[in-house]
Amino acid sequence: MRTLTIVAAFAILAVFLAVALSPPSRKAAPPPVAETPAATEVVEQLAGAAPVLRPSLPPDAIVPADCADPVALSAAAVDNAASVTGREWSPWGRPELGWEIYAPLVGQEISSTCPPSSQAFAAALARWQGAHRLDANGVMTAPTFEAMRVTWLRRRPFVAAMAKGCPPAPPETSLAAADKAEGYSGKAISLRPAALAAYRSMVAAARMEVPELAADHRLLTIFSGYRAPADDEARCDKDGGCGTLTRARCSAHRTGLAMDLYLGEAPGSRPESSEDGNRLFQSRSLAYRWLVANGMRFGFVSYPFEPWHWEWAGESVEGTR
Ligand SMILES: [Zn+2]
């Protein structure tokens, strides 16, 4: 009991220090939007991140009774309810409608399982805003989303590595091959050994904790892992369109730490389609919501624009952490 008390005290102290020492997001230069981040970004270390066991709820799921509190934030809740599906904006430099695609990540970030249209969500958002030196009004404003977007991108070790330029790929002989069943449709996948081990732990937990994920073994299989820089270069030269939001010239996949996970696809879409309809479809999926709520337990961070793209943060891109 005494040990538990001491552990709890340290946990509270750690959370306090993390909040107190975190730099104000509004001072940070916004990173660019593609998988290729700015060379000036600095990453937050995730090795000691606390596990998150809480399940996530879709916006229209059964609403906990206390989501209607406090009444004082009703106006903010109404504003959020309108913007989550109706705001016309370009948070990634490309016009899109609303922010429901990112609602699971937002909920996780502010530690709220209530829907974006609720007062409790607004209250949790206000707390997050206050901790990040933003107007704590509980409204998902564009500056608030931008601060959150920057926070998310900074968690990616690849972003830190890019400070020194596009990182070299590890020797292919150092990579481990995934089992055939781990690749989407049996695709051959290779990753850094520790990243593959973390992936296996994560998927085993997902299938154990969520029967629906265990029932369809295509879910959470890997459709892209390590990609040789020369292959990506050749694809860029052949198809064009690289150096954009949807296709990086220096891809995180060269590190052997990034993986694209199958989350299903919208009807008529490919699993990796960055069309908004497909991203929204995936963001509503149980597989994605489980990843958002639990990925960090296993050291995985997301690239928020692409629900399927996850990076293992347990090892630095240089492999020296
Ligand atoms: Zn990817």
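# Reading a sheet, a helix and a core

Biologist: In which order do the strands of the open sheet stand?

Modeller: The open sheet has 4 strands in the order β5-β6-β8-β7, and their pairing is antiparallel. Strands pair if DSSP finds at least two bridges between them. β5 (222–224) and β7 (300–302) are the edge strands, each with a single partner, so one side of each has no neighbour in the sheet. From one strand to the next, the twist averages 45°. For such angles, axes are lines fitted to C-alpha atoms (for helices, over the stretch in contact), and the angle between N-to-C directions runs from 0 to 180 degrees.

Biologist: What should I know about the model and its numbering?

Modeller: This is a predicted model, in which local features need pLDDT of at least 70 and side-chain atom pairs count only at pLDDT 80 or more, while totals for chains, interfaces and linings use all residues. Residues are numbered from 1 along each chain as its sequence is written.

Biologist: How many helices and strands are there in the protein?

Modeller: The protein has 11 helices and 8 strands. These are DSSP runs numbered from the N terminus: helices are H or I with at least four residues, strands are E with at least two.

Biologist: Back to the sheet, then. Which residues are bridge partners in it?

Modeller: Let's walk across. β5 and β6 (258–261) pair over 2 bridges in the antiparallel sense, and S224 has D260 of β6 as its bridge partner. β6 pairs with β8 over 3 bridges, also antiparallel; here M259 has W310 of β8 as its bridge partner. β7 and β8 run antiparallel and are joined by 3 bridges, with F300 opposite W312. A hairpin of 6 residues connects β7 to β8.

Biologist: Which way do the residues of β8 point?

Modeller: The general idea is that side chains in a regular strand alternate between the two faces of the sheet. In β8 (309–312), H309 and E311 point one way, W310 and W312 point the other way, and all are buried. A residue is buried if 20 or more other C-beta atoms lie within 10 Å of its own, exposed if 12 or fewer, and partly exposed in between, with C-beta atoms placed from the backbone. By that count, 40% of the 321 residues of the protein are buried.

Biologist: Now a helix. What length does α4 reach?

Modeller: The expected span of a helix is 1.5 Å times one less than its number of residues. α4 (119–131) has 13 residues and reaches 18 Å from its first C-alpha to its last, close to the 18 Å expected. After the helix comes R133, with a positive phi near 60°.

Biologist: Is α4 enclosed or exposed, and what covers its buried residues?

Modeller: α4 is largely enclosed by the rest of the structure, because 10 of its 13 residues are buried. Among them are F121, A122, L125 and W128. The cover includes α2 (74–86), α3 (103–110) and α5 (142–154). Contact has a simple rule: the C-beta atoms of two residues, placed from the backbone, lie within 7 Å. Leaving aside neighbours within four places in sequence, A122 contacts L73, A76, A77, N80 and G138.

Biologist: Which residues have the most contacts inside the largest nonpolar core?

Modeller: A nonpolar core is a set of buried Ala, Val, Leu, Ile, Met, Phe, Trp, Tyr and Cys residues joined through C-beta atoms within 7 Å. The largest one has 67 residues, and those with the most contacts inside it include A122, L125, L220 and A287. α4 gives the largest share, 8 residues. At least three residues come from each of domain 1 (2–30 + 47–154) and domain 2 (169–312), with bounds from an automatic or database domain assignment.

Biologist: What does A287 touch?

Modeller: A287 lies in α11 (286–294) and is buried, with 22 other C-beta atoms within 10 Å. Not counting residues up to four places away in sequence, A287 touches L213, L219, L220, L263 and G264. A287 and L213 are 74 residues apart in sequence and 6.7 Å apart in space, C-alpha to C-alpha.

Biologist: What is the phi of L220, and is L220 buried or exposed?

Modeller: L220 has a positive phi near 75°, though the residue is not a glycine. L220 sits in the loop between α8 (211–215) and β5 and counts as buried, with 23 C-beta neighbours inside 10 Å. S185 also has a positive phi, of about 55°, and is not a glycine, but S185 counts as exposed because it has 9 C-beta neighbours inside 10 Å.
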